[in-house]
Amino acid sequence: MKESYFVKLIKKKLTIYDWLRIETTTLHGFPDMIGVAPRLDTIFIEAKVATGNKIKLSPHQIAMNIKLWKETGGCNYILVYQQHAKHLPPDTINLYEGRLSLNLLENGVLEPPTAEGWDTICSYLKKVHGSRPTKSEEICGKTG
């Protein structure tokens with residue numbers, strides 16, 4: 001599977017967010033997608049397609065993921081589509097915290113994921129990043 005198809009699949013499966021696809025040549029390592037929603041934290045996603053056990057991350061992607069994890073308070077992830085990986089069922093979807101990017105480079109798909117499968121990933125993101133007041137609620141004092 002090509003990454004461009006995987007990005008389309010993310011948009012189709014993780015509908016709790018509106019997705020913005022980012023293509024940049026000026027900021028090396030910046031994540032592929034930004035997820036925005038009225039009642040959820042904004043998140044950053046690096047989309048990766050893994051064949052076999054390896055997940056390819058550039059030094060810029062590793063540094064950016066670690067930096068974003070610290071700067072955003074844990075609002076960035078690496079979402080991996082695993083094609084026919086050894087020791088795992090084919091076509092597995094795993095979510096990893098951005099702070100684990102160096103571990104992913106070293107351990108590949110054998111690194112324990114934060115969440116597995118579309119439904120579990122969606123539930124995880126809602127739980128961790130949900131229930132923020134909308135801007136109009138904040139302005140009108142309707143929080144809580």
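A: Trp 118 counts as buried at 15% relative accessibility, where buried means under 20% relative accessible area, exposed over 50% and partly exposed in between (1.4 Å probe, protein chains only). This is a predicted model: local features need pLDDT of at least 70, side-chain atom pairs count only at pLDDT 80 or more, and totals for chains, interfaces and linings use all residues. Residues are numbered from 1 along each chain as its sequence is written, and side-chain values use heavy atoms, with hydrogens and water left out.

The whole structure holds six aromatic pairs (ring centres of Phe, Tyr and Trp, the last by its six-membered ring, within 6.5 Å; planes under 30 degrees apart are stacked, over 60 edge-to-face, the rest tilted). One of them joins Phe 6 and Trp 118, tilted, at 6.5 Å centre to centre and 50 degrees between the planes. Phe 6 sits in helix H1 (residues 3-13) and Trp 118 in helix H4 (residues 118-129), 112 residues apart; helices (H or I, at least four residues) and strands (E, at least two) are DSSP runs numbered from the N terminus. Phe 6 is buried, with a relative accessible area of 0%. Together with Tyr 81, Phe 6 and Trp 118 form one aromatic cluster.

Phe 6 is also among the residues that touch the most other members of the largest nonpolar core, which has 27 residues (buried Ala, Val, Leu, Ile, Met, Phe, Trp, Tyr and Cys joined through side-chain atoms within 4.5 Å). H4 gives the most to this core, with five residues.
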